[in-house]
Structures are given as C-alpha cells and as structure tokens.
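This briefing is for a reader who meets the structure for the first time. Please look over the sequence and the model before reading the points below.

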Amino acid sequence: MSTAVVEPDPTNFAGADARFVEDFATLSAFGATPNGGVNRLAGRAADGEQRTWLTHLLESHGFRVEFDQIGNQFGLMELVPGAPNNLAVVNWFNEEGARFTPSMMGSSVTIGVVDSNWAANKYELVVYGEQAHTGSTVIADRKDALLGASMLVVAAREIADKFPGLLHTSVGQLDVYPNSPVVVPSRVRLLLDLRSADEGVLAEADALLHARMAGIERQANVRVEKNSSHCWPVTPSQPAGGLLAEKMAADLGLPYDRVKTLAGHDSTNMKDIVPTVMLFVPSVEGISHNEHEYTRDEDIVAGLHMLTGVLERLAEAELDCE
C-alpha cells in the first residue's frame, strides 16, 4: 500500500496530539519512496522495521506484545483482570491483501461511521494455453493464454459498465508464464473481483462473468480455471456501535456521515465475532492506494480523538461486548 507523506508540523498541536503527529511521521518513514509515498508490503524488510518500532512503542506504554502464527501483532493491556472490556491493539498482517492472497489474511467524508460493507466475489483465475514461438506460429493455431486473460480484463470492465454506479470490478494482478518476448504465453494467473452493495446486482454480474468466460475459452482457444474464490455478502455492522460512534462525534463537534465500505477491511471479519466500530478519516480528494494519498494532520488528530473517545466509552461498557 502506498500513501503520500507530507512533512508534519507538530508545533500546530500540543501535548499528546503533537507526539501522535511525530509518531505518525516516524511510522511513515518505514518504506518511504523517493516521490513522497510509502511502500511497505507484508513480510518485507520495511514491514519488519515498523513492527519492531511498534513493539517498543507499545511496551513503553505498558502493553504486552505478542504475535500469532499468521503474523498479526497484538499489544495487550489488562485493565481489569478477567473482564471482557480489556484492551488489545492489533497490527494486522497483509491487510487488504496487498502482497498475499486472500485479502484480509490476518483476520480471514470527515468522520465516516461504517454501517455495512459491500458484497464481493473475488476470484483467482488461471488461463491455460499452449507455448509457441511468437514469430513462426500461425495466428489461427495459437492458444494464447494472455489473449484470453486480456479478454477477461475487458469483460470485467464491460460488465461494470452495464451497472453504472452499482457495480465495481477490477483485475489487480496478472502473472504471465513464461513471460518471454518470443513465446506465446501458456499460462496467466489473474485476480478478478466484483463488488456491489446490491446482492441482486452482484449475482447478475457474476452470471454474466461466467458466461463470458465460456465465450472467451472458445474465442481464444484457451481453458479458464477457477482456482479459488473469496466471497462475502452485504453484512451490516452492529447498529449499537454506529450509534455510539455518532454520539462521540457529536460530543466532539465533528461532522460525520454514515458510509458503506467498498473495500475489504479486517473489521468486516471481526464484526462477525465481536461488536465492532469502524471509523474512516478523509483522504484529500479521495485518493487511495497511491503515492499522492494524503490525510491532513488535523483530520488525523480528529480521528485520534474520535477513536480514543470511542475506546474510552467501550471500556466503560457503554456498548455491550458480552
């Protein structure tokens, strides 16, 4: 994941807010890119460096740090021994699946209070063809896996265009084999997803996609195999958590709105296990997953106050976490 880094000015803030802005700048330096962004993929050196830094930070504030087998990092603090409202800070591994599949591996507007997620069907597809020489092989005889994969990319976009504003589709990764300039590819692996807040639209789009797959197999003389899928429905967050967050925002004088998350987040998994509150802070111009992604310091600090206030009220049992 990449995000723009703008030099903070802690003198605009005081006390804990200034320390938070400084810590955020320190964190942003791990994996910093020459153009002012951050590239810190799961399991790589910069990821390890930020985890080591976070370990020291958590331990300096009295947290016990543990890691589970998948790589999630936990900062644990037992406020009341044996109580259900003790505190855990989690640094999820491979959040959003930027490096490994599936996404959300760790957990298999101004202030945005998330009330539900979009439904999604995510597929790992493999297109099989046959290797041949790009110069000598007659076009009609080719079984070009990359041609078939390219047709799937176009099909995903064309299906999205049939449901303007209601459906998002994407192909975010292609692995071409043998990836040689003189060889017709024999195998292409790609990740394709469909997302919608309307499960009927998603089902219709999914049927269209599978029909297009069959046509592409015939047109490109290839075979399309569905290796794996990761699908989830529209699932609302617990309303009590959203109401608690809205009350906190109102008490702080922060404007807020209800939003539905299009992207996958670890909280969409957690809300099926425990009462969950998910909050967004705004990115300038809505840019995300790009070196120019940037959230102003004042918005980050407002989000800090919001998060801290919600956690305090959770610890005071204003939301039933049993």
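The model is predicted, so local features are given only at pLDDT of at least 70 and side-chain atom pairs only at pLDDT 80 or more, while totals for chains, interfaces and linings use all residues. Residues are numbered from 1 along each chain as its sequence is written, and side-chain values use heavy atoms, with hydrogens and water left out. Helices (H or I, at least four residues) and strands (E, at least two) are DSSP runs numbered from the N terminus.

**A three-strand sheet**

- Three strands form an open sheet in the order β1-β2-β3, with antiparallel pairing; two strands count as paired if DSSP finds at least two bridges between them.
- The edges are taken by β1 (64-67) and β3 (87-91), each with a single partner strand, so one side of each has no neighbour in the sheet.
- On average, neighbouring strands of this sheet are turned by 25° against each other, direction ignored; axes are lines fitted to C-alpha atoms, for helices over the stretch in contact, and angles run from 0 to 180 degrees between N-to-C directions.
- Strands β1 and β2 run antiparallel and are joined by four bridges, and F67 has Q73 in β2 as its bridge partner.
- Five residues separate the strands in the hairpin of β1 and β2, where G71 takes a positive phi near 115°.
- Strand β2 (residues 73-77) pairs with β3 in the antiparallel sense over five bridges.
- Q73 has N91 in β3 as its bridge partner, and L76 stands opposite A88 in β3.
- Helix α2 (residues 45-60) packs on the sheet and touches β1, β2 and β3, its direction making about 150° with that of β1; contact means heavy atoms within 4.5 Å.

**Aromatic pairs and a charge over a ring**

- There are two aromatic pairs in the structure; rings of Phe, Tyr and Trp (its six-membered ring) pair if their centres lie within 6.5 Å, and planes under 30 degrees apart count as stacked, over 60 as edge-to-face and the rest as tilted.
- F20 and F24 make a tilted pair, 6.3 Å centre to centre with 40° between the planes.
- Both F20 and F24 belong to helix α1 (residues 15-28), where they are four residues apart, about one turn of the helix.
- F20 is partly exposed at 26% relative accessibility, and F24 is partly exposed at 38%; buried means under 20% relative accessible area, exposed over 50% and partly exposed in between (1.4 Å probe, protein chains only).
- The ring centres of F30 and W53 are 6.2 Å apart and their planes are at 50°, so this pair is tilted.
- Because F30 lies in the loop between α1 and α2 and W53 in helix α2, the pair ties together parts that are 23 residues apart in sequence.
- F30 and W53 are both buried.
- R187 lies over the face of Y177, at 4.6 Å from the ring centre; a charge sits over a ring if NZ of Lys or CZ of Arg is within 6 Å of the ring centre and within 35 degrees of the ring normal.

**Nonpolar cores**

- The largest nonpolar core has 26 residues, and L125, V127, L152, L167, L194 and L209 have the most contacts inside it; such a core is a set of buried Ala, Val, Leu, Ile, Met, Phe, Trp, Tyr and Cys residues joined through side-chain atoms within 4.5 Å.
- The elements giving two or more residues to this core are β5 (119-128), α3 (145-161), β9 (187-196) and α4 (199-220).
- Not counting residues up to four places away in sequence, L152 touches L125, V127, L190, L192, M213, I216 and V224.
- Another core, of 10 residues, lies apart from the largest one and has L244, M306, V310 and L314 among them.

**L166 and its contacts**

- L166 is in the loop between α3 and β7 (168-177), and is partly exposed with a relative accessible area of 45%.
- L166 contacts W118, R195, S196, A197 and V201, leaving aside its neighbours within four places in sequence.
- L166 and R195 are 29 residues apart in sequence, and their C-alpha atoms are 8.5 Å apart in space.

**Backbone features**

- Most residues other than glycine have a negative phi, and most peptide bonds are trans.
- The peptide bond from Y177 to P178 is cis, with omega near 5°, and P178 is in the loop between β7 and β8 (183-184).
- N221 has a positive phi near 60°; N221 lies in the loop between α4 and β10 (223-232) and is partly exposed at 39% relative accessibility.
- E285 also has a positive phi near 60°; E285 lies in the loop between β12 (279-280) and α7 (297-315) and is exposed, with a relative accessible area of 73%.
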